[in-house]
Amino acid sequence: MLVTGKQILDHAHENGYAVGAFNVNNMEIVQAIIEAAEETKSPVILQASQGGLKYAGVEYIAEMAKVAARNASVPVAVHLDHGTDFTQIMQCIRNGFTSVMIDASKKPLEENIATTKKIVDIAHAVGVSVEAELGKIGGTEDDITVDEKDATFTDPDEAEKFVKETGVDYLAIAVGTAHGPYKGEPKLDFDRIKTIKERLNMPSVLHGSSGVPEESIKKAVSQGINKINIDTDIRMAFNKAVREFVAENPDVYDPRKILGPAREEMKKVIAEKMKMFGAAGKAWK
Ligand code: 13P
């Protein structure tokens with residue numbers, strides 16, 4: 001069932017749980033996510049980054065994700081992750097994405113507001129939901145890098161102004177996570193998550209969630225996070241499974257035999273996340 005990001009995340013916000021938003025780059029990842037969602041009866045978000053869309057092509061990703069969503073027994077949204085390019089955001093909307101992220105977080109506040117509002121006006125006119133980012137989340141997500149020293153936490157006062165002036169549907173907040181693998185254990189600012197939730201009363205988004213310990217994830221959800229982005233942990237599962245299979249079966253050359261076990265491993269990791277986020281059993285008809 002293909003739905004908008006807002007439908008999925010408003011339900012999560014009202015019922016106090018988080019939905020996994022998993023990055024897709026190819027068919028096996030899409031299938032692993034949908035199978036995990038159906039097995040655990042979880043609503044889910046399939047998201048593609050700018051790099052993923054460049055790799056596979058907007059139309060390929062859009063069609064694959066929409067077929068998967070329409071045939072799924074659970075609610076599925078198709079979302080653009082970290083859009084910084086106006087043209088690409090329009091292409092995603094045109095190709096049937098039901099949610100887009102405009103990431104103007106590197107710009108000064110007023111410019112971030114103006115850029116986000118422009119996308120909100122267009123997307124809302126055609127029924128597409130919008131995520132934006134306020135504060136700067138560290139690390140590297142595909143072609144976007146924020147140096148550790150430049151990462152800044154989201155200010156609750158600014159967040160209130162930002163949401164009021166842009167009309168955005170959900171907000172990515174910087175609270176101590178970073179994209180990519182962690183060197184030490186991330187320290188999350190749970191009080192900030194709670195304050196922002198109380199002030200905004202809308203869905204909040206946590207980026208850079210791979211490698212964050214289960215306890216921290218659960219606490220972040222209890223304080224108000226409703227969308228949790230996972231990319232690196234899926235890549236790791238894929239990478240490990242392919243390497244192991246190839247090492248153990250050096251004579252196999254059928255891509256299906258190599259990628260099939262990787263799909264299974266990714267599915268296991270994804271299903272665990274869905275349970276951890278509190279999304280399991282929350283799918284509605
Ligand atoms: P990770 O790669 O750390 O899971 O982050 C994913 C993400 O936040 C995508 O926007």
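The model is predicted, with local features needing pLDDT of at least 70 and side-chain atom pairs counting only at pLDDT 80 or more, while totals for chains, interfaces and linings use all residues. Residues are numbered from 1 along each chain as its sequence is written, and side-chain values use heavy atoms, leaving out hydrogens and water.

Let us start with strand 2, residues 44-49. Helices (H or I, at least four residues) and strands (E, at least two) are DSSP runs, numbered from the N terminus. Six of the six residues of strand 2 are buried, so the strand is largely enclosed by the rest of the structure; buried means under 20% relative accessible area, exposed over 50%, and partly exposed in between (1.4 Å probe, protein chains only). Val 44, Leu 46 and Ala 48 lie on one side, with Ile 45, Gln 47 and Ser 49 on the other.

Now look at the neighbours. Strand 2 pairs in the parallel sense with strand 1 (residues 19-23) over three bridges and with strand 3 (residues 76-83) over six bridges; pairing requires at least two DSSP bridges between two strands. Ala 21 stands opposite Ile 45, and Ser 49 has Asp 81 as its bridge partner.

Next comes helix 9 (residues 214-223), where Ser 216, Ile 217, Ala 220, Val 221 and Gln 223 are buried. They share one side of helix 9 because they cover an arc of only 165° around the axis, taken from the directions from the helix axis to the C-beta atoms. On the other side, Glu 215 and Ser 222 are exposed. Just after helix 9, Gly 224 takes a positive phi of about 135°.
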